[in-house]
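Open the model in your viewer and keep the selection panel handy. The tour goes stop by stop.

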Amino acid sequence: MKRYRIYLSPPHIEGKERELVKEAFDSNFIAPAGPMIDMFEREFSEYTGIRHCLAVSSGTAAMHLAIKECGVKRGDFVICPTFTFIATVSPAVYEGAVPVFIDSDKKTWTIDCDLLAETLERMKKERRIPSAVVTVDLYGQTCDMDRIIEICTYYNIPVVSDSAEAVGSLYKGRHAGKGADFVVFSFNGNKILTTSGGGMLASDNESLISHARKLANQARENVPHYEHVEIGYNYRMSNICAAIGRGQLSVIDKRVEQKRQIFEMYKERLKCIEYVEFMPEACYCRSNRWLTVILFSIKDGFSMREKVRAALEEAGIESRPVWKPMHIQPVFKGNECVDRGIAASIFMTGLCLPSGTALTESEIDEICDIIKRCCLR
Ligand SMILES: *Cc1c(COP(=O)(O)O)cnc(C)c1O
């Protein structure tokens, strides 16, 4: 019998987090303000090369601020890939905008740039140019940002990069998201860098980040009393969370190496199953391999995926189907999707395997043995 459960992507704390949290406690900045936040923002900006950073309470909050700063209003259209987690889309919906979904590129699983270009051309003719394009760096795989910027610059549409899953990923040697008008990161407990819960909004545009900072702090005007000329939010990050974040950031490159190694270990052990395929890596990307994702590319891949998932669950091992595409979510029934069936087909047979960086080699052996027992007979 198993004595513990293996989770999909648990936090991994072994750096300076404890020490920094103690320092935060000792300074008595137990508040959504304090020196750890300033330092975390500065260090994160140095790490990513994105000039201005705003630490917030979640990735979703960062996305909401990005959508606000793009000027998205009620009735506007916002383009998003269909293959993602719902937090990519919900902030646009908070603002009353209408998401238009775009399918994935079969080779990378990220947004299909040809479909994006076609869709923008069509929407321009229909006089319904979207007010933002949101892209997603899926499971750490960056989208083709240069191409997206080129397309969106032509139509003069701002780009928001949802890089929530991609801290530490590189696109053509630069950090994921760099070059977009806004970049959103998440430090939720399951992400490669966690603050227990938190996020970051990053941009090379100082005035936009400065205004987002105001919105994140109840839109307080910069005067001694409480003065408000617009409505804001309480989206600030806690100084304690920022201390955890600084500790996590100090080992991020090591974590990326570990995630990539885990991917390779799975690949080596499962290569004997000819119909198990691994998420491809785009030629322009060095993924952080946030989660190792496999596909069961046989006729009834769905049943095999479910069989493996159930067998792992039985052994106390968490695995999960990949994100269910937005255009087949009940809440988006009737929303427009430029669909070629790619994301939906990956959803049917894709499985995320445990990818925590504290996973041991013998745990990976155990997981792979269970998968092999299901598949090789
Ligand atoms: C985790 C995640 C988010 C949201 O981040 P939270 O910090 O959980 O609010 C947004 N988009 C994607 C793609 C994510 O994976």
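In which sense do strand S6 and S11 pair, and over how many bridges? Select residues 170-171 for S6. S6 and S11 run antiparallel, with 2 bridges. Helices (H or I, at least four residues) and strands (E, at least two) are DSSP runs numbered from the N terminus.

Before moving on, note the ground rules. This is a predicted model, in which local features need pLDDT of at least 70 and side-chain atom pairs count only at pLDDT 80 or more, while totals for chains, interfaces and linings use all residues. Residues are numbered from 1 along each chain as its sequence is written, and side-chain values use heavy atoms, with hydrogens and water left out.

**Stop 1**

Tyr171 faces Cys285 of S11. Now widen the selection: S7-S6-S11 is the order of an open sheet of 3 strands, paired antiparallel. The edges are strand S7 (174-175) and strand S11 (285-286), each of which pairs on one side only. Two strands pair here if DSSP finds at least two bridges between them.

**Stop 2: the eight-stranded sheet**

Select the strands in this order: S1-S9-S8-S5-S4-S2-S3-S14. They form an open sheet of 8 strands with mixed pairing. S1 and strand S14 (337-338) are at the edges with a single partner strand each, so one side of each has no neighbour in the sheet.

Pick out strand S2 (residues 77-81) and strand S3 (residues 98-102). They run parallel, joined by 5 bridges.

**Stop 3: strand S8**

Select residues 182-186. Is S8 mostly covered or mostly open? Mostly covered: 5 of its 5 residues are buried. Buried means under 20% relative accessible area, exposed over 50%, and partly exposed in between (1.4 Å probe, protein chains only). Show the side chains. Phe182, Val184 and Ser186 point one way, Val183 and Phe185 the other.

Now show the strands that pair with S8. Strand S5 (residues 159-162) pairs with S8 in the parallel sense over 3 bridges. Strand S9 (residues 199-203) pairs with S8 in the antiparallel sense over 4 bridges. Centre on Val183. Val183 is the bridge partner of Ser161, and Val183 also stands opposite Ala202 in S9.

**Stop 4: the largest pocket**

H3 gives the most, with 3 residues. A pocket, on a 1 Å grid over the protein atoms alone, is an open set of points with protein on both sides within 12 Å along at least five of seven lines; a cavity is a set where a 1.4 Å probe fits but cannot get out; lining residues have an atom within 4 Å of a point.

The largest pocket holds about 270 Å³ of space. Grid points are joined across faces, edges and corners, and the volume is the space filled by probe spheres set on them. Of the 21 lining residues, Phe85, Ala87, Ala164, Ser186 and Lys191 lie nearest the centre. The lining has 7 nonpolar, 11 polar and 3 charged residues. Ala, Val, Leu, Ile, Met, Phe, Trp, Tyr, Cys and Pro count as nonpolar, Asp, Glu, Lys and Arg as charged, and the others, Gly among them, as polar.

**Stop 5: the cavity**

How many cavities of 30 Å³ or more are there? The count is 1. The largest cavity holds about 80 Å³. Select Pro10, His12, Lys191, Ile192 and Thr357, the closest to its centre of the 13 residues that line it. Its lining divides into 3 nonpolar, 7 polar and 3 charged residues.

**Stop 6: helix H7**

Select residues 206-216 for H7. Its buried residues are Ile209, Ala212, Lys214, Leu215 and Ala216. They pack against strand S1 (52-56), H3 and S9. Contact means heavy atoms within 4.5 Å. After H7 comes Gln218, with a positive phi near 60°.

**Stop 7: Arg246**

Go to helix H8 (residues 239-249) and pick Arg246. Arg246 counts as buried because its relative accessibility is 14%. Its side chain makes a polar contact of 2.8 Å with that of Glu43. A polar contact is a pair of N or O atoms within 3.5 Å; within protein, one must be able to donate a hydrogen and the other to accept it, and residues adjacent in sequence count only if both atoms are side-chain atoms. Beyond neighbours within four places in sequence, Arg246 is in contact with Leu20, Met36, Met39, Phe40 and Glu43.
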